[in-house]
Amino acid sequence: MKRIILYIAVTGALLSFAFGQAQQESTDSKSEQEVEQMIEKYRAAFLRHDILTLEKIWADDYVFVNAFGEVLTKAQRLANLRSGATTLESINEEEKPTVRVYQNSAVATSRVTLKGQYSGQAVSGQYRSTLVWVKGPNGWQLVANQLTPLAAK
């Protein structure tokens, strides 16, 4: 009888663990898709010069490290967009972004080819992009991103 009770307890614990894992994987997969959709929305807004959408996508404490190593706040980026100092003609994805979800945050990395200017300085070429997203009351928002130029081969 004790063996049967032990068997039932162990089986119940394993099933509970397996069910919990499946639920977490399902949630992570949904969040990955949401972040991928936000990345597309972000890139489209940048190419359309859609400042209102970018204001919503960027969190209030957003920071950007550009390809020159300069750190810019949300206010500085918006000012650069409004003045025309920052414009992008094209953003070509060289690989599908890798999105890793950690509860209410996500990190997306990819390789992109950009053509345009940041803070009045020309940018053209391939870059490694890192985007950090946080899910809050207003959905997924970008809190940080960095561009690192890739060496020409």
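## Close-up views of a predicted model

View 1. Ser105 has 22% relative accessibility and so counts as partly exposed; the label covers values between buried (under 20% relative accessible area) and exposed (over 50%), using a 1.4 Å probe and protein chains only. This is a predicted model: local features need pLDDT of at least 70, side-chain atom pairs count only at pLDDT 80 or more, and totals for chains, interfaces and linings use all residues. Residues are numbered from 1 along each chain as its sequence is written, and side-chain values use heavy atoms, with hydrogens and water left out. Ser105 belongs to strand 5. Helices (H or I, at least four residues) and strands (E, at least two) are DSSP runs, numbered from the N terminus. Not counting residues up to four places away in sequence, Ser105 touches Arg100, Trp133, Val134 and Trp140, where contact means heavy atoms within 4.5 Å. Its C-alpha atom is separated by 9.6 Å from that of Val35, a residue 70 places away along the chain.

**View 2. The whole chain, for orientation.** There are 3 helices and 7 strands in the protein chain, and along the sequence they follow the pattern α-α-β-β-α-β-β-β-β-β. The chain has 153 residues, of which 35% count as buried. Of its contacts between residues at least 6 apart in sequence, 52% join residues at least 24 apart.

View 3. Strand 5 (residues 105–118) pairs with strand 6 in the antiparallel sense over 14 bridges; two strands pair if DSSP finds at least two bridges between them. Across this pairing, Val112 stands opposite Tyr127 of strand 6. The two strands form a hairpin with 2 residues between them, and Ser119 in the turn has a positive phi of about 50°. Strand 6 also runs antiparallel to strand 7 (residues 139–149), joined by 10 bridges. Here too there is a hairpin, with 2 residues between strand 6 and strand 7. Which residue of strand 7 is the bridge partner of Trp133? That partner is Leu142.

**View 4. Inside the largest nonpolar core.** A set of 32 residues makes up the largest nonpolar core, and those with the most contacts inside it are Tyr42, Phe46, Trp58, Tyr118, Trp133 and Leu142. Helix 1 (residues 2–48) supplies the largest share of this core, 6 residues. A nonpolar core is a set of buried Ala, Val, Leu, Ile, Met, Phe, Trp, Tyr and Cys residues joined through side-chain atoms within 4.5 Å. Trp133 counts as buried because its relative accessibility is 0%. Leaving out residues up to four places away in sequence, Trp133 touches several residues, including Val35, Met38, Ile39, Tyr42, Ile57, Ser105, Trp140 and Leu142.

View 5. The structure holds 5 aromatic pairs. One of them joins Tyr42 and Phe46 edge-to-face, at 5.9 Å centre to centre with 75° between the planes. Rings of Phe, Tyr and Trp (its six-membered ring) pair if their centres lie within 6.5 Å; planes under 30 degrees apart count as stacked, over 60 as edge-to-face and the rest as tilted. Tyr42 and Phe46 both sit in helix 1, 4 residues apart, about one turn of the helix. Tyr42, at 7% relative accessibility, counts as buried, and Phe46, at 4%, counts as buried too. Tyr42 and Trp133 make another edge-to-face pair, at 6.4 Å centre to centre and 85° between the planes. Tyr42 lies in helix 1 and Trp133 in strand 6 (residues 121–136), so this pair ties together parts that are 91 residues apart in sequence. Ring pairs link Tyr42, Phe46, Trp58, Tyr62 and Trp133 into a cluster.

View 6. In helix 3 (residues 74–83), the buried residues are Lys74, Arg77, Leu78, Asn80 and Leu81. Seen down the helix axis, these buried residues fall within an arc of 160°, so they line one face of helix 3; the arc is that of the directions from the helix axis to the C-beta atoms. Turned away from that buried side are the exposed residues Ala75, Arg82 and Ser83. Just after the helix comes Gly84, with a positive phi of about 90°.

**View 7. A charge over a ring.** Arg77 lies over the face of Phe64, at 3.7 Å from the ring centre. A charge sits over a ring if NZ of Lys or CZ of Arg is within 6 Å of the ring centre and within 35 degrees of the ring normal. Arg77 is one of the buried residues of helix 3.
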